[in-house]
Amino acid sequence: MSERPTAAELAEAILEFLGGEILPTVTDQRLRFRTLVAMNALSIVYRELERLPAGDDAEQRELAAQIRSGEVPPGTLARVKRDVEGRLRIASPRYLEQYGEASSR
Amino acid sequence: MIAEMRHALQSILGSDVSEPVLLAGGASKEAWAVDVGGQKLLVRRAAVGVIHRHTLSLADEYAVLEAAHAAGVRAPRPIAYIPDLDGREAFVMERLEGETIGRRIVRGEVPARLPVEMAEELAKIHAIPRERVPFLVEARLERMIEEFDEVGEARPAIELGLRWLRENRPPPREPVVVHGDYRIGNLVVAPGGLVGVLDWEFAHIDEPVRDLAFALVRAWRFGVPAKRLGGIGDAEPYVERYNELTGRDVRPEELDYWEVAGNVGWAIGCLTQMQRHLSGRDRSVELAVLGRLGAEVEYEICHLLERAAA
C-alpha cells in the first residue's frame with residue numbers, strides 16, 4: 001500500500017487533531033485521561049505503521065504514464081475501475097452501494 | 001482580537017456594531033456575523049497565512065459580488081471592502097437568512113422551484129459583462145493538468161478522464177463570466193426558494209456549460225445520488241429553463257461532457273487539498289482524508305466513461 005495519505009500519515013493527522021484541538025477543550029478529568037490514553041494507543045499504531053516497508057506504486061505509475069502518452073489498450077478502463085474499487089473497499093466501502101441501484105442519470 | 005475587530009468595524013460602519021461572532025467556516029476564510037443597527041451582516045476575512053493559487057483575492061471576490069449584485073443576481077448585498085481589518089484583508093456583505101448546509105437542503109423539504117431558480121440565477125451570472133470584471137482569467141484544461149502534476153500522485157482514472165476530455169471536446173462556446181463553484185452547497189435556500197448565491201472566489205471566464213453541469217457532479221448530491229441535479233431533482237427542468245433564458249441550446253451530450261470535466265476537476269481538487277495538509281501549509285484531518293476520498297470521484301469518472309462508451 002502506497003496511497004497518499006498513507007495510513008501512518010492519517011494516524012499522524014488524527015494525533016495532531018486530538019492533541020491540538022480536542023484535548024485543550026476537555027475539562028472533565030476522567031475524559032482527559034482517557035483521551036491521553038487513546039492518543040498514546042494511536043501513537044503506537046503510528047509508529048508500527050511507520051516501520052512497515054514503503055509500498056510500491058510502480059505499476060500504477062507506469063499505467064498512468066502509458067495513458068498520458070496515449071497508449072490505452074482495450075480493457076484499460078475496466079482494469080482501472082477494478083483498481084479504484086479495491087481502494088474504495090478500504091477508503092469508503094459504502095460508497096459503492098449506490099451503483100448497484102437502478103438510478104442516477 | 002475581537003475587540004480590535006469590532007473597533008475597526010465601528011470606524012467604517014458606525015458606532016452601533018455588535019460583537020463579532022465567528023461562524024463555522026472554511027480553512028481559507030473566516031466568517032464573522034455582526035449586526036449593525038439592526039442590519040444582519042457577515043464579515044468575510046482572510047484566514048492567517050493562507051494564500052491560494054487560482055482563487056480570487058478578497059478584493060477581486062468583492063468586485064465580482066458587486067458585479068453580480070448589479071446584474072440582479074440573488075446574492076448578498078456587498079457593503080464594504082476593507083483592505084486591513086485587524087491586520088488582514090476582509091469585506092462586509094449582507095447576511096442572508098436561510099439554509100446553507102448542502103446536506104440539510106437536500107434532506108429537508110426542497111422548494112419546488114429551486115431547480116428552475118438555479119437556472120435563472122445562472123443565466124444572469126453568465127450575462128455579467130466581462131468588462132465589469134476585467135481581472136478574471138480564462139480557464140484552460142492545461143491548468144488542471146498542471147495542478148495534478150504538481151501533486152505528483154499516479155492516478156490512472158484521472159488520466160483516463162483527461163484523455164477522454166481531450167478526445168471528446170464539444171465545439172467551443174463563447175466564454176462568459178462563470179461562478180466556478182455553482183452547486184447546492186454554495187446556495188442559501190429558504191422554504192420559499194433560492195435566497196442567494198454564495199462563495200464567488202472561484203469566478204473566472206469559461207465555457208458556460210461547464211458552470212451549468214457543475215451542480216450535477218455526484219459528490220455534491222449529498223446522499224441522494226438518484227437525483228442528478230445536486231440531490232434535489234432531475235437535470236432536465238434546470239437545463240430547459242437555462243436554454244430558454246439564454247437562447248443557448250445545451251444538448252444532453254454536451255452536459256454529459258462537462259459533468260465528466262467537473263468530476264475530473266474535483267478528483268484533482270481532492271489531491272490538491274490533500275497536498276495542503278501533507279505540505280504542512282494547512283494541517284487538517286479533513287484535508288488529509290480527502291486524498292483518500294478522491295477514490296469515490298475516480299470511481300464516478302470510470303462509471304461515466306463506461307456509460308459514454310456504451
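The model is predicted: local features need pLDDT of at least 70, side-chain atom pairs count only at pLDDT 80 or more, and totals for chains, interfaces and linings use all residues. Residues are numbered from 1 along each chain as its sequence is written, and chains are lettered from A in the order in which they are written.

Chain B holds an open sheet of five strands, in the order β1-β2-β3-β5-β4, with antiparallel pairing. Strands (E, at least two residues) and helices (H or I, at least four) are DSSP runs, numbered from the N terminus. Strands pair if DSSP finds at least two bridges between them. β1 (21-23) and β4 (78-85) of chain B stand at the edges; each has a single partner strand, so one side of each lacks a neighbour in the sheet. The twist averages 25° from one strand to the next. Angles run from 0 to 180 degrees between N-to-C directions, with axes fitted to C-alpha atoms, for helices over the stretch in contact. β3 (residues 39-46) and β5 (residues 88-94) of chain B pair over five bridges. R45(B) stands opposite A90(B) in β5(B).

V151(B) lies in helix α5 (residues 141-151) of chain B. It is partly exposed, because it has 18 C-beta neighbours inside 10 Å (buried, 20 or more; exposed, 12 or fewer; C-beta atoms placed from the backbone). V151(B) touches L271(B), T272(B) and Q275(B), leaving aside residues up to four places away in sequence. Contact requires C-beta atoms, placed from the backbone, within 7 Å.

The contact between the chains takes 29 residues from chain B and 33 residues from chain A. On the chain B side, α10(B) gives the largest share, 14 residues.

Methods: Two residues are in contact if their C-beta atoms, placed from the backbone, lie within 7 Å.
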